Amino acid sequence: MTTSAPAGAPPAPRKTPKARAWKLPIRLDRRYLPVLGTFVVLALMLIIGGTRYENFLTPAVISNLFINNAHLIVLAVGMTFVILTGGIDLSVGSVLALSTVITAALLQAGWPVAVVLPLAVGAGTVIGLAHGVMIHYFQVQPFVATLAGMFFARGLCFLIAPESIAIDNASFVELATWVQIFGEWRMTSSVLVALIVVGLGFLVLHFTRFGRTVYAIGGGEQSALLMGLPVPRTKVLAYVVSGTCAGLGGLLFAMAFRSGYSLTGVGMELDAIAAVVIGGTLLTGGTGFVLGSVLGVLVLGLIQTIITFEGTLSSWWTKIVIGVLLLIFVLLQRVLSLRRT
Amino acid sequence: MRDVLRHHLFWPVAALVALLVANTVARPGFLAVTVRDGHLFGAPIDILRTTAPLLLVALGMTLVIATRGIDLSVGAVVAVSGAVALSHIASSPDPESPVTVLTAIGLALALCLVLGVWNGFLVSALGIQPIIATLILMTAGRGVAMLITGGMITTVNSAPFKVLGSGFWLGLPVAAVIAFGVFAVVAFVVRRTALGMLLEATGINPAASRLSGVRSRTLTWTVYTASGLFAGLAGLLISADTMAADANNAGLFIELDAILAVVIGGTALSGGKFNLSGTLVGALVIATLERTVTVLGISPLVTPLFMALVVIAVTLLQSPRMRERLTAARRRQVMAPPEPQPAARPDSTPDSTEVKAG
């Protein structure tokens, strides 16, 4: 039951300070309210799904929820860093596609896996670095800089491989099909990677100077600068983290589909942003948690699962429901921030 | 010469000219315009026609950006507009009658107006951040469009509606006439009345402008409504061009193209001073770039790469740091006493230098 522990882990650390905070002055509590909201929505969806459909609350469905969304979890973790600094990264979908294409193309050319994997992730890192430099040193708006990066990565994909490339490299397939089975729970290599990324993201944000500086920049860049914090380095690094996560997400995506295709991940940046927002992170920066973003991804994944279970509902309801959920969470955040001021 | 170099439209226009030169080199007859059946034909006319929807969307986007906002939902609104119009025409007994077509257009525009009002409500009445407020409609809008078309690509045959997309009026493409006409009217209204200045005031400092009697909220609400309406009109032009309502792909990425057009045109995303002529040039640059890629025989799939390169080049050249360098170099030449310049603070708004240069 090792999988169930990480699966239940995201809400757990949130709950303990939460329960304590109830009795303490409400001020402490407020930071966790949006995440608590996400958690309630997630629990409600699980309960509704469990009562409406048989076989819904089974380890197989929950395992699949993680397996199908492993890449999105990784993207959302990276996006959380950027959004916490008050920026945005629109390029993650295309960078993910670029990473799948690089992986597939190089493996097809006969490069060893040990070289290809770091290269694919490194491509994301380099693009993230370029974003950071454009945004910080040339003061290009994050929106525009990462928009350019989005087009750049997508164009590069088509330049490398206009057609879908299948991956049949034996060691890559072995890596992709690695699975750990605990009773009815299954954990693939991509879920393992995603959980490690979440853990790292959590540790870095809450227990390192870099993480604190990220929050400080989001809270007020000018103040962070005046406090003598390394604002330039941190801002650039946040985009590097996001780019690297996107590269890694591409790797996970390539593992899942065992192919590289230039049109993968169109619009995935919006899913990542939506997950982060639903997870309680403020787009203005400064407030939010990595674990909230993971909950956000799970909510998005559950919407998809429920609509599949329902059977008669058409796929476009997914989009409408996501839109409505976004609206609810944004309104909730708005009410909370109004009460604060 | 120095004044020409300093002009805010210099780099965008230079990019446009460079693209046209590249095209003419690759295909010498590129700029030729011929008259056939009383209509003008040729690549430049074609570019004008393909620019039309983008220009309309970019026009609304410029106004929204001027108030420090952004409208991500325009692509979804384009899809909704096409879906409503074509579904109405397809379900009516007489698709060829002008009445049906006019009703369809009216319905589509009315719904888009409502969507624009909704965005404006979220941003100005509830005070939600523009990116996130319009992200809601961007996600849900395509779902709504698919709901309207039932998930299918609705195709219709209706001559009066087709005129919008591929008809000609006075020898010019109808789509271009509509888009440039709307552009001219809006530019006139915005620049010949105080409206433009009030919009800039709202964008530069919403609180201060409200205190000095500018009705910022109403203005913000108006620009989102206008953006929705223009996106709806663009959606009609696009669907009339293909005569098919594709809820998934109609207007896909048009919001990004429109934002690029605005940025290439020199309007800063941080709001305030805006530049409609720049947006016009920006939209033309993007349409010409798409054309150039096909003329040069490169796969159109690689277009995003060139788009990225143009955007990176133009934004870097317009970035405050580059401008400071250029200003510093010029000052050293002139040996004029240094005027107080905003220090290189990371959060200094790019348009503060923009205002000086413009």
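**Confidence, chain contact and helix packing in the predicted model**

In this predicted model, chain A has a mean pLDDT of 85, and 90% of its residues reach 70 or more.

Helix α13 of chain A spans residues 231-257. The distance from its first C-alpha to its last is 39 Å, close to the 39 Å expected for its 27 residues at 1.5 Å a residue. Of these 27 residues, 23 are buried, so α13(A) is largely enclosed by the rest of the structure. The helix is followed by A:Arg258, which is found in the loop between α13 and β4 (259-260) of chain A. A:Arg258 counts as partly exposed because it has 16 C-beta neighbours inside 10 Å.

Most residues other than glycine have a negative phi. A:Arg258, which is not a glycine, has a positive phi of about 45°. A positive phi, near 75°, is also found at B:Arg68, in the loop between α3 (43-66) and α4 (74-91) of chain B. B:Arg68 is buried, because 20 other C-beta atoms lie within 10 Å.

Two packed helices are described by the angle between their axes and the distance between the axes. In chain B, helix α5 (residues 98-125) packs with helix α6 (residues 130-149) at an angle of about 145°, and the axes are 9 Å apart. The crossing of α5(B) and α6(B) is right-handed. From α5(B), the residues B:Leu115, B:Trp118, B:Asn119, B:Leu122 and B:Val123 meet B:Pro130, B:Ala133, B:Thr134 and B:Leu137 of α6(B). Seven of the residues in this contact are nonpolar and two are polar, with no charged residue.

Elsewhere in chain B, helix α7 (residues 159-166) contains B:Ser166. B:Ser166 and B:Asp241 are 75 residues apart in sequence, yet their C-alpha atoms are 5.9 Å apart in space. With 15 C-beta neighbours inside 10 Å, B:Ser166 counts as partly exposed.

Conventions: Residues numbered from 1 in each chain as written. Chains lettered and ligands numbered in written order. Predicted model: local features only at pLDDT ≥ 70, side-chain atom pairs only at ≥ 80, totals over all residues. pLDDT = per-residue confidence, 0-100. Helix = DSSP H or I, 4+ residues; strand = E, 2+ residues; numbered from the N terminus. Buried ≥ 20, exposed ≤ 12 C-beta atoms within 10 Å, placed from the backbone. Expected span 1.5 Å × (residues − 1). Axes fitted to C-alpha atoms, helices over the stretch in contact; angles between N-to-C directions. Left-handed = near helix turned anticlockwise from the far one by under 90°. Contact = placed C-beta atoms within 7 Å. Nonpolar A, V, L, I, M, F, W, Y, C, P; charged D, E, K, R; others polar.
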